[in-house]
Amino acid sequence: MNVKISKSNINGTITAPPSKSYTHRAFISSSLSPKSVIYNPLISEDTIATLISCKKMGADFVKKNRNVYFLGTETIKPGYYNTMNSGTTLRILLSLLSTIPHSSVIDGDESLRKRPNRELVSVLKKLGARIHGSHDYNAPLRVRGKINPGQLEISGKSSQFVTSLLFALPLLEGESTLKVGEIKSRPYIDITLDVLEQSNISIETEGSTFYIYPSEFRLREFTIPPDYSSMSYLISAGLLAGKVVIENAIDSKQGDKRFIEVAREMGGTVKKRGNKIIAENSELEAIEFDAGDTPDIVPTVAVLGAVARGTTVIYNAEHLRIKETDRIKTVVENLKRLGVEARETKDGMIIRGGGVSKGTVDSHGDHRIAMGFSLLGLVGEVTVKNAECVSISYPNYFEDLKKLGAGVEVL
């Protein structure tokens, strides 16, 4: 599906979509708990992949209105798991399926099959898992446990690897210690710890060391907060083309709420009024942006940098190269297609702002690329190829843009 976004003046109110990161983790915790309810979860392609995997593990659930009610499983069931495009689902499953003495296969779509899991597999193998796959352990993977508790070390290059271990290690009959190197995307680990704490899981944290104790999952209910990654596109739409009011913007552990500060640093008018965020058309200035903890907002910062005065520098973002696409490469290539002077660096990009030309960009199936570059159509005209991928995290994205008054046309 190709979508054309035309120059628009927007003005409207939108309710913030639920958090994808929290939804994944709450669904998994519910599947391992006796009985629970998740209020207001995000239902998207990625979280549906998690729900299907929860069913395969042995959990039952029913969706009523905007909530999902779970009856969990006492024993994780082996089998064939297709996690589609969801890296979070695959990585959490990889450790969970290593806790049972049976053989399973974890697979995914073409994009997910390109994403490496070597470091996580190496740690699990040291604990006793038998895992077979390619050199970098891309999907498909055959995994069999049973892992044992122990003293572990892992780099912090992937927060998903850390999250995966934090979900599985409490299920073992003994204490474990997990030492993590320089952590990238620390807020995503904080989200994991938030959900695990409410699930009765005993973990003590000292800096980047985690002490994990045998625990039983006992999540009873959880309300999913709004997704600040998704809100970054709505805030940016207001900054570029009019005024946007976002309702239900309650606080949480998400690192991407930092986008509000970043937008203000660029000269954007972004106001917080209780649980509302108001973003209004602004003249933007270039900034230097450290993406270490908040990689998912890089495409949004980059497109704002394209229209800002001056040169925007994004750094400490090398972990973007192992996302759905190499997001450093994909962002720079698409900016160039729109006449923006941009170049890659080893750990980020440099963008000379000032404006964009009419043109066509390719999301390459990456939802954050599709949503980020659609914003530039609001100040000109941009066609996004393969735009259906927004359903991975924000299925109603283009409908919400239309509600705000944006010119959106499916080609």
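**Salt bridges, surface and inner spaces**

Biologist: What relative accessible area does Glu409 have?

Modeller: Buried means under 20% relative accessible area, exposed over 50%, and partly exposed in between, with a 1.4 Å probe and protein chains only. This is a predicted model, in which local features need pLDDT of at least 70, side-chain atom pairs count only at pLDDT 80 or more, and totals for chains, interfaces and linings use all residues. Residues are numbered from 1 along each chain as its sequence is written, and side-chain values use heavy atoms, with hydrogens and water left out. Glu409 counts as partly exposed because its relative accessible area is 40%.

Biologist: Which residue meets Glu409 in a salt bridge?

Modeller: A salt bridge requires a side-chain nitrogen of Lys or Arg within 4 Å of a carboxyl oxygen of Asp or Glu. For Glu409 the N to O distance is 3.6 Å, and the partner is Lys4.

Biologist: How many residues apart in sequence are the parts that this pair, Glu409 and Lys4, ties together?

Modeller: Helices (H or I, at least four residues) and strands (E, at least two) are DSSP runs numbered from the N terminus. Glu409 belongs to strand E24 (residues 407-410) and Lys4 to strand E1 (residues 3-6), so the parts that they tie together are apart in sequence by 405 residues.

Biologist: How many salt bridges does a search of the whole structure find?

Modeller: Among them, Glu280 pairs with Lys271, the closest N and O atoms being 3.3 Å apart, and Asp326 pairs with Arg321 at 2.8 Å. Glu280 is partly exposed at 24%, as is Lys271 at 32%. Asp296, Arg327, Asp366 and Arg368 are linked in a network of such bridges. The search of the whole structure gives a total of 21.

Biologist: About how much accessible area does the nonpolar patch of Ile43, Ile48, Ile52 and Met84 have together?

Modeller: Patches are made of residues with over 30% relative accessible area and no salt bridge, like charges being joined within 9 Å and nonpolar side chains (Val, Leu, Ile, Met, Phe, Trp, Tyr) within 5 Å. The areas come from the Shrake-Rupley method with a 1.4 Å probe, and for residues only the protein chains shown count as cover. Met84 is in the loop between strand E6 (80-82) and helix H3 (87-96). Together, the four residues have an accessible area of about 280 Å².

Biologist: How many residues of H3 are buried?

Modeller: The buried residues of H3 include Gly87, Arg91 and Leu96. The helix is mostly covered, and of its 10 residues the number buried is 10.

Biologist: What is the volume of the largest cavity?

Modeller: On a 1 Å grid over the protein atoms alone, a cavity is a set of points where a 1.4 Å probe fits but cannot get out, a pocket is an open set with protein on both sides within 12 Å along at least five of seven lines, and lining residues have an atom within 4 Å of a point. Grid points are joined across faces, edges and corners, and a volume is the space filled by probe spheres set on the points. The structure holds 2 cavities of 30 Å³ or more. The largest cavity has a volume of about 370 Å³.

Biologist: Which element gives the largest share of the lining of the largest cavity?

Modeller: Of the 26 lining residues, the closest to the centre are Thr88, Arg115, Gln160, Asp296 and Lys323. Helix H1 (20-31), H3, helix H5 (159-168) and helix H11 (367-374) give two or more residues each. The largest share, 4 residues, comes from H1.

Biologist: How many residues in the lining of the largest pocket are charged?

Modeller: The largest pocket has a volume of about 480 Å³. Its lining has 22 residues, of which the closest to the centre are Leu32, Thr73, Glu74, Thr75 and Leu171. Ala, Val, Leu, Ile, Met, Phe, Trp, Tyr, Cys and Pro count as nonpolar, Asp, Glu, Lys and Arg as charged, and the others, Gly among them, as polar. By this division the lining has 10 nonpolar and 7 polar residues, and the number charged is 5.
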